[in-house]
Amino acid sequence: MSGAEKIAVTVTDIVPLNDLVTRFEFKPTAGGLLPTFSGGAHTVVEMQDGDITRLNPYSLMSDPMDQTAYTISVRRDDEGRGGSKFMHAQVAVGDQMTISYPVNLFSLDLRARKHLFIAGGIGITPFLAQIKQLERFNGNWELHYSVRTPALGSYVDELTSHHPNETHVYYDDQSQAINLDNLLTGQPLGTHVYVCGPKGMIDWVRGKADEMGWPREAVHYEEFLAPQPGKPFEVKLAVSNKVIQVGEQESLLEAMEREGVDAPYLCRGGACGQCETSVIGYDGQFIHRDHWLEEAEQASGQKIMPCVSRFEGKTLVLDR
């Protein structure tokens, strides 16, 4: 990986939580301790799926101070590109895998006087580690967690039994919904809000907070975007002096890696900015899907995030 450093690990536990979500535990293959991390960090898991190497980011949900093992939870996406299906169907206890050192793009702001967590579905996972971190020094937090049905409420029982006063759960199938206006209006000064879940939820919380005058630095969000398929296209890499084809089901970043071109990354999901690449020339149109570039930068045609964005047209020349 050309992102964070790698760690060789062994899968030591696999626990199906419900029809869609399974928890995986990793311990270092060589023994010893894993690096510490802070709540909100993720690791990139490397999967050898036949001829394809898949690299998917997953939030670490274990106690950040526990260096004996890392745990992640993976939601199976049958419409996805295969990473989550690989984890569910192919990975077994005892398997050796490679993961990256933890990287945190969604850390707690410890200057905050209160932490307001808003989670949707599998978006609960980074908050599990953040809650463990805050509990160590009596941090002030509150969780509002929206799930589709009680059967799909990953970690609801654990959260409501350990933290009954701080945890509020909403079930879509019972027409329960977070009253965001009330929630954001009623917070003490110095509160920071954190949201992780589907894109619609993130946009809703960010938009409402902005509308209500919340300072931008007090609103934190994380969404790893999966690269979407699209029409194949050709790209010329000026520095590497290569012309490569990007397939329908692969990202531009994956195509570059396949051809041995070194491209940096930390998240592979359009959130960190690490893989930002300058465009030297183009004839066609970009399909920008990242969270990183400002709208003006996307419109300028001078930058692309190869992890999630695509191109349609005749020519694209990149500074790689």
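Arg 76 is partly exposed, with a relative accessible area of 26%. Here partly exposed lies between buried (under 20% relative accessible area) and exposed (over 50%), computed with a 1.4 Å probe on protein chains only. Asp 78 is also partly exposed, at 43% relative accessibility. The side chains of Arg 76 and Asp 78 form a salt bridge, with an N to O distance of 3.0 Å. A salt bridge here means a side-chain nitrogen of Lys or Arg within 4 Å of a carboxyl oxygen of Asp or Glu.

This is a predicted model: local features need pLDDT of at least 70, side-chain atom pairs count only at pLDDT 80 or more, and totals for chains, interfaces and linings use all residues. Residues are numbered from 1 along each chain as its sequence is written, and side-chain values use heavy atoms, with hydrogens and water left out.

**Salt bridges**

The structure holds 15 salt bridges. Side chains of opposite charge can pair when their charged atoms come close.

| Salt bridge | N to O distance |
|---|---|
| Arg 76 and Asp 78 | 3.0 Å |
| Glu 211 and Lys 208 | 3.6 Å |
| Arg 216 and Asp 210 | 3.7 Å |

Glu 211 and Lys 208 both belong to helix H5 (residues 199-211). They sit three residues apart, so about one helical turn separates them. Helices (H or I, at least four residues) and strands (E, at least two) are DSSP runs, numbered from the N terminus. Glu 211 is exposed, at 62% relative accessibility. Lys 208, by contrast, is buried, at 15%.

Arg 216 is exposed, with a relative accessible area of 64%. Its salt-bridge partner, Asp 210, is partly exposed at 47%.

**Nonpolar core**

The largest nonpolar core has 26 residues. Such a core is a set of buried Ala, Val, Leu, Ile, Met, Phe, Trp, Tyr and Cys residues joined through side-chain atoms within 4.5 Å. Val 235, Leu 237, Leu 252, Met 256, Leu 316 and Leu 318 have the most contacts inside it. At least two core residues come from each of strands E13 (233-237), E14 (242-246), E15 (277-287) and E17 (310-318), and from helix H6 (252-258). H6 gives the most, with four residues.

What does Leu 316 contact beyond its neighbours within four places in sequence? Its partners include Phe 233, Val 235, Val 279, Tyr 282, Phe 286 and Phe 311. Glu 234, Lys 236 and Gly 281 are also in contact with Leu 316. Contact means heavy atoms within 4.5 Å.
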